Amino acid sequence: MNAIAHPMRPAPDATAPYFTAVEIDGLPDLLHASYELRYQVYCLERHFLPADRYPEGFETDVFDQHAVHLGVLDPHGVLVATARLVRRTEDGLPMYGHCSLLVHHPVIADPRAPIVEVSRLAVSRAFNRRRGDEHYALEGATSERADRRREGGEIVMTLYRALYQASKRHGFTHWLAATERSLQRLVIRYHFPFVQVGPETDYFGMVAPYLMDLSAFDVEILRQDVPALRDFLVGLEPHLIPVMPDAR
């Protein structure tokens, strides 16, 4: 994948975070780079989608027109990770055609609820993953890393922070995600309050559908029990920063 520089980003600052995240809708070069990375991960590495369906080397689908796209950039403006938040339409969400859901759950049953599906999470293979994490690593940044450039965990936490902040800015209240057991074990460790809302099925591998109420996640962030979540409010506009329920 070619290096794509953010058009408004200054030269790397040694005091700034190593990885940064941006919404890439409206930035055609970065959006195309995200489709290339999705092709690399979903077609060539994990074989979830047939590569010959995408002869131009980038993967996209009809749901992208209803999605908010996020990208993580290294200090040189190279996109190293991506994900999207798909808005629910009259036809539902991407996983509705693949996963059995608890249709009587009040959020899923309410067509007006601002629920989004978190999908197409992809991280460049140029970054190592910790042994045992398979395709995911959620370890947060540390002050004693031997090589920050290859800390895959910092990339994924930066991406999740971007997904959270974009959800706040767009008014989304719940995430729906089709999650592998390996990733679910990791997010539980970091107090992401996902609740399983359907049985396991084969949807880009064996996954189960999980729902997360972002207000419950707000509480986990505000408790500051998990160091890796402490930066999730950094850079968020003051009027979007949550407060503890008993402080309202």
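The model is predicted, so local features need pLDDT of at least 70 and side-chain atom pairs count only at pLDDT 80 or more, while totals for chains, interfaces and linings use all residues. Residues are numbered from 1 along each chain as its sequence is written, and side-chain values use heavy atoms, with hydrogens and water left out.

Overall fold
- The protein chain comprises five helices and eight strands, where helices are DSSP runs of H or I with at least four residues and strands are runs of E with at least two, numbered from the N terminus.
- Along the sequence, these elements follow the pattern β-α-β-β-α-β-α-β-α-β-β-β-α.
- Of the 248 residues in the protein chain, 50% are buried.

Strand β5 and its partners
- Strand β5 (residues 174-179) has five of its six residues buried, so it is largely enclosed by the rest of the structure.
- Strand β4 (residues 115-123) runs parallel to β5 and is joined to it by three bridges, pairing being assigned if DSSP finds at least two bridges between two strands; Val 116 has Trp 175 in β5 as its bridge partner.
- Strand β8 (residues 206-213) pairs with β5 in the antiparallel sense over six bridges, and His 174 stands opposite Asp 213 in β8.

After the helix
- His 191, which follows α4, has a positive phi, near 65 degrees.

Methods:
Buried < 20%, exposed > 50% of the residue type's maximum accessible area, 1.4 Å probe, protein only.
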